[in-house]
Amino acid sequence: MAAQTARTSRCRPAIFKGVHKNGSFTFLGRYRVIDFPISNLSNSGIINLQVYIASKPRSLAAHIGTGRHYNINSKRGRVQLLFPTEERVNTIYNTNIQALYENLEYIKRQSQEYVVIAPSCMVFKQDYDALLQDHAKSGADITALYHMVHHARGGYETCHIFDIADGKVNAIRRNLGDEDVRAISMESFVMKKSLLIKLIHDARAISSMFNLSDVINAKIGDLDVRAVEHTGYFGPITSLKSYYTANMQLLNPAKAAELFTPDWPIYTRTNDSCPSQFYDSAEVKNSLISNGGEIRGTIIDSIVGRGVTVGKGAVIKGCYIAAYTTIGDNVHLENQVVDKYVTINHENEIIAGEGELGYVKYMDHL
Amino acid sequence: MKQIEMLAMILAGGRGSRLLDLTNHVAVDVVGVLTQYESVLLNSYVAKGGLWGLDTKDSGVFVLTPREKADAGLDVYRGTADAISQNIDFIDTYDPEYLLVLSGDHIYKMNYDKMLDYHKEQGAAATIAVMPVSIEEASRFGIMITDENNRITDFEEKPKHPRSTLASMGIYIFDWKKLREILVKDMVDPESAHDFGKTIIPTMMNNGEKLVAFKFEGYWKDVGTIDSLWEANMDLLDENCDLNLDDSTWKIYTEDVAALPAYIGPNASIDRAYITQGTSVDGTVKNSVIFTGAKVGTGAKVIDSVLMPGVCVGDGAVVTRALVADDVKIGAGAVVGSADSKNITLQASDI
């Protein structure tokens, strides 16, 4: 079997009120969500990648670059960044089928027989090579990855679910939150490239609003779609709340050990920041602290990005503080997601109650 | 090959010596690293030019070990100058105008471009970076005696009664053509120590060449001993320390490790510490520096110490005034070092 081309499809839901929606948002202090699918593919030996970027490409293009830091061989491998070429007159046309269609020539030009499709907004660990080998052996048309959850009623908004019988997917539907136990689609598919091209054309013949999952569902009677269950940590990011939860779950070392294992490194772009400095007034418990920080205050049950300054007397509890943010002296934050380059000096209390969550905008001054 | 203006050679030194930083490369695109020992380890670390931004078409980092040559049975570097002499062929391929000679055991931040400007401005044959030290410290260094124009008139190696307090930092810029001539003669001189301080600089002085001192201000530390390496790490904990590693305009590059941010556990107590990514702390860390991948178990205490990469301090263990070497495992409840020891304890094996 030849090398394969993989594609990370775009993330559909608008997160953080439309600020980030293409996998470029930060995760666990030092990563971007896109690091997880690219590392998974690279670790799986899949080194011909196409990354479809829906909008605001600057930050993702700068982060992904040549892909060398993802261990992608610069001669035999390639990370191709692909952008929309047609103007979106209506957001309803913002589908992954449309993105693939606009770059169809680049898909056809690849020599690989199979494609792996991976999502850019779900955090998990997966050996795609194992999936590919099993797919080829099984004789199925499509292999689709899912994760069983037991609380689909209270979350997983906008996710797809699979109806599965005898290991086959019978239907792909939206999660309406009407049942607790659901097989959540991980938006990861393996199929022949020829089938993908056919599905792109099929989708366009039915509806311009179709995504890949929609067309697979529409054609499911003609297709043998095999379901494969994923186990271990699964963090789909579909809303601010799920983003927060996906991060906070990883404060549990046992949970983090499911995602981060020595044999499966998660790569990211280094920014050569120095270690974090903890001063004598610092008090830190159950938190992840990225490099380049200056910590003088109290941090509990929180995740802190690179280059964050936390002033004396400040108290940060249950927060996600993204990179290069400054939290002034005596500022008290609870249950907040604070975006990058924020400065909080004038307000000294931003507290969301138990089970609530607040969001502080990118580059904001408070 | 395109001619380059200045080529840098770093003397990474002898056994056990480790290159701890490669400073920014404003003036330099090609770096040769000279070493006799541990070249595999050094090579795997240093020679990835991309880590240092030395990965453009005409730049690179090369680890240069002694090589057997057809007409000479030389298989060791006989001195600091000999390390350069034996690589004249390498240097000649770049045809540099100037040669920058550095040591791998020093911690400092310097813009070599400014030193080169000074060298050119003075029309010197050699420029030596110096820094003022106290008169007590002066006997530990090579001391430069200068006139009012910073021209070096004399120099003394570790003098008992220093006549000046300008210590050589082991950083030299030479006119390559002049240095090359001297090195070629020095190579075949059986009496020579083949050393920059002992032979090359005195020869240049005797030849009447112009040698000038370039005054450096700021943090500089030789970390060639365990105590000084420990001290340099402790300096980082001092808020008023001159060495600012958190400067986005002058970053200190290092290897890029795939690691989580530092995890500080529910039982941790942190009081003045410098902690990097990939670490996990669930005990007490006080006045200490924790390197990548090191772990401090629940109830363990790490005080006034440096844990190098991958060190594991077991639950309840106590480490005081120690430098713990890479990947050493300290068992649960073990005790390393003591608060009143004169020297720093080097823990280089599992306990």
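Predicted model: local features only at pLDDT ≥ 70, side-chain atom pairs only at ≥ 80, totals over all residues.
Salt bridges between domain 1 of chain A and domain 2 of chain A number zero. On the side of domain 1 of chain A that touches domain 2 of chain A, at least two residues each are supplied by β2 (26-27) and α8 (240-249) of chain A. The element that gives the most to this side is α8(A), with six residues.

The two domains of chain A are assigned to residues 5-259 for domain 1 and 277-360 for domain 2. Their contact involves 18 residues from domain 1 of chain A and 21 residues from domain 2 of chain A. Taken over C-alpha atoms, the centres of domain 1 of chain A and domain 2 of chain A lie 32 Å apart. Between domain 1 of chain A and domain 2 of chain A, about 1,500 Å² of area is buried, and carbon and sulfur atoms give 65% of that area.

The interface of chain B and chain A was examined in the same terms. About 2,700 Å² is buried between chain B and chain A, with 49% of this area on carbon and sulfur atoms. In chain B, the residues that lose the most area to chain A are L260(B), P261(B) and Y263(B), which together account for 20% of what the chain B side buries. The contact draws 32 residues from chain B and 33 residues from chain A. Between chain B and chain A, 17 residue pairs are in polar contact, both residues being at pLDDT 80 or more. Two or more residues of the side of chain B that touches chain A come from each of β12 and β13 (269-275) of chain B. The largest share of this side is six residues, given by β13(B). By residue class, the side of chain B that touches chain A holds 19 nonpolar, six polar and seven charged residues.

One salt bridge is found across the interface of chain B and chain A. R296(A) and E239(B) form a salt bridge in which the closest N and O atoms are 2.7 Å apart. A network of salt bridges links E294(A), R296(A) and E239(B).

A262(B) is located in strand β12 (residues 262-264) of chain B. A262(B) counts as buried because its relative accessibility is 0%, the cut-off being under 20%. With neighbours within four places in sequence left aside, A262(B) is in contact with S287(A), L288(A) and I289(A) of chain A, and with I275(B), T276(B), Q277(B), G278(B) and T279(B) of chain B. From A262(B) to A294(B) the C-alpha to C-alpha distance is 9.6 Å, at a sequence separation of 32 residues.

Over all chains, the structure holds 18 salt bridges. Side chains of opposite charge can pair when their charged atoms come close. E5(B) and K120(B) form a salt bridge, with 2.7 Å between the closest N and O atoms. This pair links distant parts of the chain, 115 residues apart: E5(B) is in the segment before β1 (6-13) of chain B, and K120(B) is in helix α4 (residues 112-122) of chain B. E5(B) is partly exposed, at 37% relative accessibility, and K120(B) is partly exposed, with a relative accessible area of 37%.

A salt bridge also joins K109(B) and D247(B), the closest N and O atoms being 3.8 Å apart. K109(B) is in the loop between β5 (106-108) and α4 of chain B, while D247(B) is in the loop between α7 (226-235) and β12 of chain B; the pair links distant parts of the chain, 138 residues apart. K109(B) is buried, at 18% relative accessible area, whereas D247(B) is partly exposed, at 22%.

K221(B) and D235(B) form a further salt bridge, with the closest N and O atoms 3.9 Å apart. Because K221(B) lies in strand β11 (residues 220-222) of chain B and D235(B) in helix α7 of chain B, the pair ties together parts that are 14 residues apart in sequence. K221(B) is buried, with 17% relative accessible area, and D235(B) is partly exposed, with 24%.

Notes
Residues numbered from 1 in each chain as written. Chains lettered and ligands numbered in written order. Heavy atoms only, no water. Domains from an automatic or database assignment. Contact = heavy atoms within 4.5 Å. Buried area = accessible area lost by both parts, 1.4 Å probe. Salt bridge = Lys/Arg side-chain N within 4 Å of Asp/Glu carboxyl O. Helix = DSSP H or I, 4+ residues; strand = E, 2+ residues; numbered from the N terminus. Buried < 20%, exposed > 50% of the residue type's maximum accessible area, 1.4 Å probe, protein only. Polar contact = N/O pair within 3.5 Å; in protein donor to acceptor, adjacent residues only side chain to side chain. Nonpolar A, V, L, I, M, F, W, Y, C, P; charged D, E, K, R; others polar.
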